[in-house]
Amino acid sequence: MCSLRSLCLLEVHSLGQNTLDLSQMAPSLAKDIKIMRLFNRCFIDWEMFLENNLADDRLGIFQNALSIQYDGVSWSIMYRSNDFVTDCCPHCDFVEPDLEQFTLEEGKLSPVPPQFISEDFHQGYKDLMMGISCTLFEDGSGQIKFNLFKDSVPLTDRCNPTITIWMDASNRQWVADCCGFNDDTFADGPYIETPDPIQDVFTTPLYHSCIRRAMMLLQEWLLWEVVGPVGLDEVMAAVDEAFNQQEPEEFLEDFWRLAIVE
C-alpha cells in the first residue's frame with residue numbers, strides 16, 4: 001500500500017509539468033518529482049528478423065515492453081517479453097507475452113527478484129540481495145541501477161544491470177536502453193516511449209487482419225539486402241505498400257478464400 005507521501009507525490013506528478021514550480025518545494029520533494037517526470041513511462045520494442053537457421057527462412061518476431069513507476073519510495077517495474085516464429089504473419093501467429101512485475105524499495109536490500117534468477121546471472125553466487133539506485137544527469141537523462149550485494153557487501157566486480165532513459169533529439173522521443181540483464185528479463189532495446197499503458201500493450205496483434213502479402217515483401221527484402229532486424233515503422237510501410245499494390249479483384253478473391261477457410 002502506498003504511503004500518504006507517495007500518494008501526494010503521484011497526485012502532484014499527475015498535474016503536469018506546467019503547473020509546478022519546483023524551486024518552491026523542499027529539495028527532496030523536488031528531486032522525487034524530477035525522477036517521476038523522467039522515469040514514469042511505458043516503452044516498447046518490436047522487431048522482426050529473418051530466422052536464417054530454419055530451412056524455409058521464416059520470419060521471427062520480438063515483442064518487448066517496459067513500464068517504470070516510481071512513487072517516491074518504491075520502484076515498480078512491469079514488462080512483457082517474448083518472441084515467436086511466423087508460419088503466416090504476425091497477425092495469424094500472434095502470441096501474447098505474459099505481464100511480469102517486481103518492486104524494489106529505494107534504500108533497502110531485497111532478495112533478488114525471480115525474474116533475474118538464472119544460472120548465467122548468478123555465476124556461482126548464492127543468496128544475493130538487490131538494491132536500486134537512481135542518478136539524474138545534467139543533460140536531462142537518467143539511470144536506475146540494480147545493485148547486487150552478498151552479505152551486505154556490494155559486488156563491484158560484477159556488471160550491475162541498468163536502465164537508462166534519454167531523449168532522442170532527432171525524433172523528439174523518450175528512449176530506454178537496458179544493459180546487463182539476462183535474455184529472459186529485458187532485451188537491450190532501444191525501447192521507444194508509447195502513450196499506452198503496459199496492460200494494453202501487445203495484448204492483440206499489431207494489425208487487425210492477415211498481412212501475409214506484406215510479410216512476403218519484407219521476407220524478400222531481408223533475403224536480398226544486408227540488413228538487421230526491421231522495426232514496426234518498416235513493417236507498417238510494407239503493409240501499406242502491399243495493400244496499395246493489390247488489385248480490387250485480388251483483394252476480394254483473398255477475402256472470400258479466407259472466409260471459406262474460416
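Colleague: Which residue in E7 stands opposite Met129?

Modeller: Phe149 is the residue opposite Met129. Before we go on, please keep in mind that this is a predicted model.

Colleague: What makes E6 and E7 a strand pair?

Modeller: Pairing needs at least two bridges. Strand E6 (residues 129-136) and strand E7 (residues 142-150) are joined by 8 bridges, so they qualify, and they run antiparallel. The two form a hairpin with 5 residues between them, and in the turn Gly140 has a positive phi of about 95 degrees.

Colleague: How do you know that E7 pairs with E8?

Modeller: The cut-off is at least two bridges, and E7 and strand E8 (residues 153-154) have 2, so the pair counts. These strands run antiparallel, and Lys150 has Val153 in E8 as its bridge partner. Their hairpin has 2 residues between the strands, and Asp151 takes a positive phi near 55 degrees there.

Colleague: What joins E7 to E9?

Modeller: 4 bridges join them, and the two strands run antiparallel. Lys145 stands opposite Thr162 in E9.

Colleague: And which way do E9 and E10 run, parallel or antiparallel?

Modeller: Antiparallel, with 7 bridges between strand E9 (residues 162-168) and strand E10 (residues 173-179). Ile163 faces Cys178 of E10 across this pairing. The hairpin has 4 residues between the strands, and Arg172 in it has a positive phi near 55 degrees.

Colleague: Why are E10 and E11 called paired?

Modeller: They share 2 bridges, and at least two are needed, so they are a pair. E10 and E11 run antiparallel, with Val175 opposite Ile192 in E11.

Colleague: Let's turn to charges. How many salt bridges does the structure hold?

Modeller: The count is 3. One of them joins the side chains of Glu193 and Arg41.

Colleague: Why is the contact of Glu193 and Arg41 called a salt bridge?

Modeller: The limit is 4 Å from nitrogen to oxygen, and this pair comes to 3.1 Å, so it passes. Glu193 is in strand E11 (residues 191-194) and Arg41 in strand E1 (residues 41-50), so the pair links distant parts of the chain, 152 residues apart.

Colleague: What makes Arg41 buried or exposed?

Modeller: Its relative accessibility is 12%, and buried means under 20%, so Arg41 counts as buried. Glu193, at 31%, falls between 20% and 50%, so it is partly exposed.

Colleague: How do you know that Arg80 and Glu96 form a salt bridge?

Modeller: Their closest N and O atoms are 3.6 Å apart, which is within 4 Å, so the pair qualifies. Arg80 lies in strand E3 (residues 74-85) and Glu96 in the loop between E3 and strand E4 (99-105), so the bridge ties together parts that are 16 residues apart in sequence. Arg80 is buried, because its relative accessible area is 5%. Glu96 is partly exposed, because its value is 41%.

Colleague: Where is Cys92 found?

Modeller: Cys92 is found in the loop between E3 and E4. With a relative accessible area of 42%, Cys92 is partly exposed.

Colleague: Which side chain does Glu105 meet in a salt bridge?

Modeller: Glu105 meets Lys108, at 3.6 Å from N to O. Glu105 is partly exposed at 29%, and Lys108 is partly exposed at 47%.

How values were computed: Residues are numbered from 1 along each chain as its sequence is written. This is a predicted model: local features need pLDDT of at least 70, side-chain atom pairs count only at pLDDT 80 or more; totals for chains, interfaces and linings use all residues. Side-chain values use heavy atoms; hydrogens and water are left out. Buried means under 20% relative accessible area, exposed over 50%, partly exposed in between (1.4 Å probe, protein chains only).
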